[in-house]
Amino acid sequence: MRTRRRHRAIATMFAWAASLTIAFPLLWTLLTSFKTELEAVSFPPRFLSFDWTLANYRGILAEGDYLHSLVNSVIVAGGSSALVLALAIPAAWSMAFAPTHRTRGILLWMLSTKMLPPVGVFIPIFLFYRDWGLLDSRTGLVLLLAAANLPIAVWMLFSNFREVPGEILEASRMDGASLWQELVSVLAPLALPGIASTFFLVFTLAWNESFWTLNLVTTEATPLTAFIAAFSSPQGLFWARLSAASILSIVPVLLIGWLCQRQLVRGLTFGAVK
Amino acid sequence: MSGIVLEGVTKRFGDHLVTDAIDLVIPDGAFTVFVGPSGCGKTTLLRLIAGLEDIDSGRLLIDGVDAAQTSPAARGLAMVFQSYALYPHMTVRANLGFALKVARRPRAEIAERTEQVAEMLNLTPFLDRRPGALSGGQRQRVAIGRALVREPKAFLFDEPLSNLDAELRAQMRIEIRRLQQQLGITAIYVTHDQAEAMTMADRIVVFRDGRVEQAGSPGEIYRNPASRFVAGFIGSPRMNFLGGAIAAKHGAVTIGVRPEHLAIDPAGTISAAVQAIEYLGSDSFVHLGAQSGETLIARGVPDLDFRSGDTVQLRIAPGAVHRFDADDRAMPAPAPAPGANIFEETV
């Protein structure tokens, strides 16, 4: 009994240590965002004993670029994630419920596209986008990020759909449901936790994507990643304002994560069969 | 008329022939049971009829119309799945009404039909529950109700009782049969349980390796099995088979005798050692080892004045021998030669 309690205490300590290590950069960014630029770079660093200020936030919000970038980020991340789901749900459905002997190969091939570093295709894509007039456009980013995240979404949804008993879909087919009704009325509600977590993942990936967003847009379509990056260039490095900008960029994702969480934990499949 | 006719229905999975040119007529309004060991193609055939699998070649006629290319719903058949396959995110009411809802029927009609079916199946108190909050038997009834709501041309049952305990299974057998008779709807019922087949069917179709081995009424199949396979599959305990000299005396390669036709009688001429005695009250079965090596079972021994290890004599009831040829097909009953007593032979 005593050894078990001790093991638990050790495990708890490890868990806290690991969590703090992982969260440290984020916490440090949060603290820095409330410092003045001078205190932000002071050495030795100060943890809590500094003059707390909201000046960084006030300054960023006053400049007006934040809102512009936030809107762009929401459109680009939201739009690309919606497009990803619209393509990945039918794709994963067919692979999970009507597999052929090539299904495995297609899945692996799709994943293999993620093994290529994006910079490897930067030049051709840049040239295409230039010719098609997609540079510095939200449409261009939506299309590109959707294509980039599609393989992961198909993989996630595929493994999730395979947990749904196929007989339930067959029952709906016997009941006269069209393919659309089968997907919307039966599969989607059953796979909602999986669809929600897939959406959250691709949304976060698109939100934080900073290779294409920094290289293909300049002014019109700049999302928050470009907004943050702007604080480390022309006029010098502004740690405190950079931190405040980062924190402001994280808030929307946290909000969406919190909203999705309710779906993530709901187990709907219980009692379906047997 | 809602007849289902299969003509040369063939299905392959890769190189494996699952159903091999099956010709079958499903009688209208009757309860037909597909029975056979697992992997014999019976479930696949049911799914071909339902439209959940595509037929590779052959014709499927429903009401005289070739339905092989028709979508599952348009065939007008309803299926009850082994796992029930209820929609877990919908209430019982929504489960029952789903087919009508997707068919865009008026709301009042959906409500009326749903209540009516729920009434019929004693599901009214559970209409607002989800499947997860129901017992196995209740889920089973919802699955049947979902099929009933559509007023189908035929019911297709895919081993619907295999997830229930023995008592509930026996009860549901009667309930399903009563419902089918009451509504007079054609039913096809797949099972691997020969007892279920015998008790429920108007007509049994015995499958083996993707082919129809025999089709007929339970009585016909029990009394006149077409092959050694059917003889051994239908009936419990299974038929005794004897080969060698005794079969040769009957002009057959193998003979079969049902346990109830094998009597322990001091005047009998087959010697066998008692291995075990199963006493079930109304019935008793004696497991015996014949001298020639076969294991035999005799049923209904009146006075059990012997024990395991004793040697007893067995007698085959007159006229109860099934004869099988080298291909295990049944041979016609022999005309008894005058004066000869072919049933009194020594093993």
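Hi everyone. Between chain B and chain A, about 2,200 Å² of area is buried, and carbon and sulfur atoms give 60% of that. Buried area here is the accessible area, with a 1.4 Å probe, that two parts lose on being put together, summed over both. Before going on: this is a predicted model, where local features need pLDDT of at least 70 and side-chain atom pairs count only at pLDDT 80 or more, while totals for chains, interfaces and linings use all residues. Residues are numbered from 1 along each chain as its sequence is written, chains are lettered from A and ligands numbered from 1 in the order in which they are written, and side-chain values use heavy atoms, leaving out hydrogens and water.

Back to the interface. Chain B brings 30 residues to the contact and chain A brings 22, with contact meaning heavy atoms within 4.5 Å.

Now to salt bridges within chain B. B:Arg173 pairs with B:Asp193, their closest N and O atoms 3.9 Å apart. B:Arg173 sits in helix 5 (residues 166–183) of chain B and B:Asp193 in the loop between strand 8 (186–191) and helix 6 (194–200) of chain B, so the pair ties together parts that are 20 residues apart in sequence. Helices (H or I, at least four residues) and strands (E, at least two) are DSSP runs, numbered from the N terminus. B:Arg173 counts as buried at 18% relative accessibility, and B:Asp193 as partly exposed at 21%. The cut-offs are under 20% relative accessible area for buried, over 50% for exposed, and partly exposed in between (1.4 Å probe, protein chains only).

B:Arg329 and B:Glu213 also meet in a salt bridge, at 3.4 Å from N to O. That pair links parts of the chain 116 residues apart, with B:Glu213 in strand 10 (residues 211–216) of chain B.

Finally, chain A. Which residues of helix 5 (residues 103–112) of chain A are buried? They are A:Thr103, A:Leu107 and A:Met110. Thanks, everyone!

Technical notes: A salt bridge is a side-chain nitrogen of Lys or Arg within 4 Å of a carboxyl oxygen of Asp or Glu.
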